[in-house]
Amino acid sequence: MERVTATEVPPHGPEADVVVHEVVRPPLSLRTRLTSGLVLVAVGAVCALLLGLSATARAQADFVLSPQDPHLSVSLPARATCVVLGVVVALLGAWQAARGWSREAMRWVLAVTLLCFVLSFLCWAVTGAPGTSFDLLGLLQNTILTAVPLILGALAGVLCERSGVINVAIEGQMLAGAFAGALVASLAGNGYVGIVGAVVAGALMGLLLALFAIRYLVNQVVLGVVLNVFALGLTGFMYDALMQPNADALNLPKTFDPIALPVLSKIPVLGPLLFEANIIVYLMYLLIIAVDVALFRTRWGLRTRAVGEHPLAADTVGIKVLAMRYRNVMLGGAVAGLAGAYLTIGSVGAFSKNISSGKGFIALAAVIFGRWSPRGAIAAALLFGFTDALATLLSFTQTPVTIPTNLLLMLPYLATVFAVAGLVGRVQAPGADGEPYVKE
Amino acid sequence: MTATPVNESSVTRTDVDLIAPEQPDLPSRLGPGSRYALVSTLGYVASLAIFGVLVAVKGVEPISVYHTIISSTLLNGDAVAQTALRAIPIGLAALAVAVPARAGLINVGGEGQLIMGAVAATGIGVAIGAQVPGALSWAAMCISGALAGALWAAVSGVLRTWLGASEAVTTLLLNFIANDVMLYLIYQAWKDPHGSGQPQSRPLAHAAQLPKIFGSQLNIGVLIALVVVAVTWFLLQRTGWGFQLRVVGGNTEAARRAGLRVNSLLLSSMAVGGALAGLGGALNLAGVETQLRPDITLTFGYVAFLASFLGRHQPVKVIGAALLFSAVALSGNGLQITDGLDGTIVEILLALIVAVPLVVANYRRRAA
C-alpha cells in the first residue's frame with residue numbers, strides 16, 4: 001500500500017501549523033499486478049531465450065564508441081549478455097507479480113526493461129555476420145540528428161500549449177520555416193540571414209494561428225490542421241512558381257559547417273556526439289535550457305502557466321491573458337520555424353515539397369507524450385530519434401534473421417506507441433489548453 | 001456567502017441571459033440569419049479572389065481556372081460521378097472521426113484505418129476473387145475491410161481505456177505504421193510479379209471489382225456507402241447507444257456515476273468509427289483502384305478529419321463537407337491538365353474554403 005502526503009494550509013490563518021494529510025491510494029488490483037508482471041516476464045523470456053539462443057553461439061558483440069580510440073570499444077559475449085539481461089527483466093516482472101512495485105518504482109522498472117530489451121536486441125542483431133561491429137557512436141549521432149527538428153518542434157508546442165493554445169500547426173510552421181530559410185539564405189548568400197528568415201516565417205504562421213484562435217475563437221485543433229494544409233499548399237505553390245524555375249538563385253543555399261567547440265569537443269564520445277554540431281544545434285541547446293528555466297523559474301514562466309491553467313484567475317490578478325497568449329504562440333511559431341531551418345539550411349540545403357514529412361506531428365506527439373514539460377518532450381523526441389537511427393542502422397546490418405526494410409521503418413512509431421501506452425499512460429493537459437478566453 | 005447551497009452554474013447562466021446580447025458591428029438592419037449568409041458569402045468570394053490572385057501570379061487567367069474547377073467537378077456526368085466516388089473514402093473516414101468525437105475522442109487515424117481496410121480487402125479480394133462469384137467476394141472484401149479498420153482503431157481504443165494513452169497520439173502514430181505495413185506488402189510480400197514501373201500489388205480479378213451502375217461511371221460502392229451513412233445516422237441519432245455516446249462525450253464523470261459503461265462505450269465508438277473508415281478503404285479499392293499502390297489514400301484521412309469538424313460531427317453535414325472536399329481535391333487534376341498548374345495548389349483553396357465557415361460560425365455564435 002502506498003501513501004502520498006499532501007500538505008495544506010488550514011483555513012484559520014497562515015500562522016497556524018501546517019496540517020499533514022495522508023491520502024491513501026488504492027493498491028493495484030491483483031489482476032493488473034499479475035498481468036503487468038507476466039508481461040515483463042515474457043519480455044525477459046524473449047530477451048533470454050529468443051534473442052539469446054538465436055544469437056550465434058560464442059559470438060562477441062562489438063560496440064564501437066569512438067572510431068579513433070580502440071580502448072573505447074566494448075566487446076560483450078552476445079548470448080550470455082542476452083540471457084543475463086533477460087533474467088534481470090524476468091526477475092523484475094516476477095517481483096511485480098508477487099509483491100508489486102510502487103508506482104514510482106514502476107517507472108524505473110519499465111525504463112530498465114526497455115534498456116535491457118534494446119541492449120539484448122543490439123547484441124542479437126550484431127551477431128548476424130561475424131566480424132562486424134556496431135557503430136554505437138554513429139547510432140547516437142544519428143539519434144541527435146533526427147531528434148533536433150523534433151526537439152525544436154516539441155519546444156514550440158510546449159510554449160504554445162502551456163499558455164493555453166493547442167498547436168497542431170507545428171508541421172505548417174516548420175514547413176514555412178524550411179521554405180523561408182532556404183529562400184532567404186539563397187538570396188542573401190548567408191545562412192544566418194536564412195535563419196532569421198525562417199524564424200520570422202514561423203512566427204508569422206504562429207501569428208496566423210494566434211489571430212484565428214484568440215481573436216476569432218476558431219476550434220484550435222481544426223485550425224491547426226487547416227494551417228498545415230495551407231502551409232503545404234502555399235510552399236508547394238511557391239516552390240513550383242518561384243523556386244523551381246530559378247533553382248540556382250533561389251534554392252541553392254549554403255549549409256552550415258559544423259563548429260567544433262574548443263575544449264568540449266575533445267571529450268571522448270560526448271565531444272564528437274554533442275559539440276561538433278552546426279549553429280542550429282547549438283541554438284537548440286540554448287533554447288532547451290532557456291525554455292526549461294524560463295518556464296519554471298521566471299515571472300514570465302509563472303504567468304505563462306497561469307494563463308494556460310486558469311486564465312480567469314490570471315486575469316483577475318492583472319495578467320494580460322490575450323497578450324501573453326499572442327506572444328507565446330508567436331514565440332512557439334518562431335521556434336518551429338527554426339526547426340524548419342534545420343531541415344533545409346541546417347542539413348540538406350535545398351527545399352523540396354513537404355520536406356517536413358510529418359515531423360511536426362511527431363513533435364506534437366512528443367509534447368503530449370512528454371506531459372507538456374520541456375524535459376519530457378525532449379526525452380520523447382530522443383526516443384523517437386534513437387529508434388529511427390536504430391532502424392536505419394539495422395537496415396544496413398546483417399541480422400541473424402533478415403527484417404524487411406519496410407517493417408524496420410515502422411520501428412520508431414511502434415516504439416513511441418509502446419512508450420506512450422506503457423511508460424506515460426494517462427496525461428493531463430494544461431487546464432485551459434484549447435479553451436479560448438473571452439472576457440465577460 | 002449564502003448558507004444554503006446554491007447551484008452556481010444556474011445562477012451564472014441566468015445572469016448571462018439577463019444581459020442584452022452585444023450588438024454586432026455589421027449591418028444591423030438585417031436579421032441574424034441573412035447577416036450570417038452575407039458574411040459567409042463575402043468570405044467565400046474573398047477566398048476565391050485570393051486564390052485567383054495566386055493563380056494570376058503564376059500567369060494563368062483566373063477566370064479560366066474557375067471554369068476548370070467547375071467543369072472538372074460538376075458540369076458533366078462523369079465529373080459528378082468522379083466526385084461522388086472520391087467522396088466515398090473521404091466521407092466514411094470523416095464519419096470515422098465523427099462517431100468517436102461524439103464520445104469526446106479525437107480520432108486522427110482515419111488515414112491508417114482507410115489503409116488497413118484497403119489492405120484487408122486486397123488480401124481477400126486477390127485470394128478469392130477469381131474463384132467465387134462477384135457478390136460473394138464484394139461482401140467478403142467489405143466485411144474484411146471493415147473488420148481490419150475496426151481492429152486498427154480498437155488498438156487505440158484499448159490503449160486509451162486500459163492504459164490511458166492519448167488516442168489522438170496513438171491513432172496518429174498508427175497511421176504511419178499502417179502505411180509502412182502497406183508499403184511492406186506492396187514492395188515485398190504482395191508485389192505484382194507482372195507489374196512494371198511503379199510497385200503495386202496484384203490486381204483484383206475483374207469479377208471481384210465492384211460493378212458499374214447502368215453504364216455510368218458510378219459503381220455500387222456509392223449505394224453501399226449511402227446505406228452505411230443512413231445506418232450511422234440512425235445509430236447516432238435514434239438509438240440508446242448513440243445517446244449514451246453523447247452523454248459520455250458531454251461529461252465522462254457524470255456518465256460514469258450514472259452507471260454507463262464508459263470504457264466499453266469509448267471502445268465501441270472507436271471500433272465503429274474504424275469499421276466505417278475500413279469499409280471506405282475497401283470500397284475505394286474494390287471500386288476505383290483495383291490494386292494496392294503507394295499513396296492510395298492521397299491523405300484522404302486528414303481531409304476527412306477536416307470534413308468531420310466542418311460538419312460538426314453530424315452525419316449528414318459531414319457527408320456534405322466530404323462531397324465538397326472531394327470536388328476540391330478532384331479539381332486539382334483538372335487544373336493540372338487544363339491550366340498546367342501544379343495539383344498542390346488546391347490545398348490552398350481547400351484551406352481557404354475551410355477557414356471561412358470556421359470563422360463565420362463563431363461570428364454567428366457571438367451574434368446570436
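User: How many helices and strands does chain B have?
Analyst: Chain B has 14 helices and 0 strands, where helices (H or I, at least four residues) and strands (E, at least two) are DSSP runs numbered from the N terminus. This is a predicted model, in which local features need pLDDT of at least 70 and side-chain atom pairs count only at pLDDT 80 or more, while totals for chains, interfaces and linings use all residues. Residues are numbered from 1 along each chain as its sequence is written, chains are lettered from A in the order in which they are written, and side-chain values use heavy atoms, with hydrogens and water left out.

User: What share of chain B is buried?
Analyst: Of the 368 residues in chain B, 52% are buried, that is, under 20% relative accessible area (1.4 Å probe, protein chains only).

User: And how many residues of chain B are in contact with chain A?
Analyst: In chain B, 36 residues are in contact with 40 residues of chain A; contact means heavy atoms within 4.5 Å.

User: How much area do the two chains bury between them?
Analyst: Chain B and chain A bury about 3,700 Å² between them, with 78% of it on carbon and sulfur atoms. Buried area is the accessible area (1.4 Å probe) that two parts lose on being put together, summed over both.

User: Which elements of chain B give two or more residues to that side?
Analyst: They are α6 (134-163), α7 (167-189), α12 (300-310) and α14 (345-367) of chain B. The largest share, 12 residues, comes from α7(B).

Technical notes. Buried < 20%, exposed > 50% of the residue type's maximum accessible area, 1.4 Å probe, protein only.
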